[in-house]
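Subject: Structure handover

Hello,

Here is the structure I promised to pass on. Please open it next to this email. My notes follow below.

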Amino acid sequence: MRTVELLLDEAAELAVHEAWRRLADAGLPSQARHSSSTNSPHLTLATCPELTGPIRWELAEVAAALPLPVRCTGLVRFERPTSVLAWGLDLDPALDDLHRRVWEAVASDSPPETLNPLHRPGRWKPHITLGRTRRAGAFTDRRIPELLPAPPLSFRLTTLRSYDTRTGALEVLEPRA
């Protein structure tokens with residue numbers, strides 16, 4: 001499976017790393033526990049089985065729209081198959097349009113059953129994951145907001161990349177020249 005993700009500007013990345021560290025220091029699930037060199041703060045836009053030529057062509061156009069300013073809305077929690085603690089992002093028209101273009105690109109050349117329905121426009125909730133676990137209710141402690149640094153009010157999404165879950169390879173998706 002291939003992800004399509006956006007990376008954060010340097011200041012926002014540092015803030016996320018600090019939040020990861022504080023969660024880990026408190027004994028809570030944290031992305032800091034994932035020591036892979038591929039683990040960096042990011043916003044997942046979509047996943048697909050492979051980045052075919054047509055998908056890559058469309059994603060190169062999306063990459064040309066970066067950097068993209070975004071606003072953080074604060075701490076959010078999701079209970080899906082896993083418990084997730086994250087900083088939510090405002091789905092303003094520019095981010096909504098960029099996400100829709102990525103979704104249309106991956107959907108245009110992927111079998112529909114291979115696409116994650118949580119990434120579908122209208123269902124997608126933009127967020128930067130701080131911690132995740134299979135333990136239900138892991139982030140319901142009322143002290144958690146006090147542990148974390150204040151999220152950046154705004155920052156820029158700077159780079160489009162893809163992660164290959166089979167090989168572990170990262171690839172920056174460049175705009176067309």
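Helices (H or I, at least four residues) and strands (E, at least two) are DSSP runs, numbered from the N terminus. Pro112 sits in the loop between helix 3 (93–108) and strand 5.

Two notes on the source. Residues are numbered from 1 along each chain as its sequence is written, and side-chain values use heavy atoms, with hydrogens and water left out. The model is predicted: local features need pLDDT of at least 70, side-chain atom pairs count only at pLDDT 80 or more, and totals for chains, interfaces and linings use all residues.

For accessibility, buried means under 20% relative accessible area, exposed over 50%, and partly exposed in between (1.4 Å probe, protein chains only). Pro112 is exposed, because its relative accessible area is 63%. C-alpha to C-alpha, Pro112 is 30 Å from His34, and the two are 78 residues apart in sequence. Glu113 lies in this loop between helix 3 and strand 5 as well. Glu113 has 69% relative accessibility, so it counts as exposed. Glu113 and Arg143 are 30 residues apart in sequence, and their C-alpha atoms are 40 Å apart in space.

**The largest pocket**

A pocket is defined on a 1 Å grid over the protein atoms alone, with a 1.4 Å probe: it is an open set of points with protein on both sides within 12 Å along at least five of seven lines, and lining residues have an atom within 4 Å of a point. Grid points are joined across faces, edges and corners, and the volume is the space filled by probe spheres set on the points. The largest pocket has a volume of about 900 Å³. It is lined by 33 residues, and the closest to its centre are Glu5, His42, Thr44, Thr129 and Arg132. Which elements give two or more residues to the lining? They are strand 1 (2–8), strand 2 (42–48), strand 5 (127–133) and strand 6 (154–163).

The lining of the largest pocket divides into eleven nonpolar, 16 polar and six charged residues. Here Ala, Val, Leu, Ile, Met, Phe, Trp, Tyr, Cys and Pro count as nonpolar, Asp, Glu, Lys and Arg as charged, and the others, Gly among them, as polar.

**The nonpolar core**

A nonpolar core is a set of buried Ala, Val, Leu, Ile, Met, Phe, Trp, Tyr and Cys residues joined through side-chain atoms within 4.5 Å. The largest one has 44 residues. Those with the most contacts inside it are Leu43, Leu45, Leu59, Leu130, Phe155, Leu157 and Leu160. Contact means heavy atoms within 4.5 Å. Not counting residues up to four places away in sequence, Leu157 touches residues including Leu6, Leu43, Leu66, Pro67 and Leu95.

**Two buried loop residues**

Asn39 is in the loop between helix 1 (10–25) and strand 2. Its relative accessible area is 18%, so Asn39 is buried. A polar contact is a pair of N or O atoms within 3.5 Å; within protein, one must be able to donate a hydrogen and the other to accept it, and residues adjacent in sequence count only if both atoms are side-chain atoms. The Asn39 side chain reaches the backbone oxygen of Gln31 at 2.9 Å. It reaches the backbone oxygen of His34 at 2.9 Å.

Asp164 is in the loop between strand 6 and strand 7 (170–172). Asp164 is buried, because its relative accessibility is 10%. A polar atom of its side chain lies 2.8 Å from the backbone nitrogen of Arg166.

**A cis bond**

Pro67 is in the loop between helix 2 (53–63) and strand 3 (68–79). The peptide bond from Leu66 to Pro67 is cis, with omega near 5 degrees.

Best wishes
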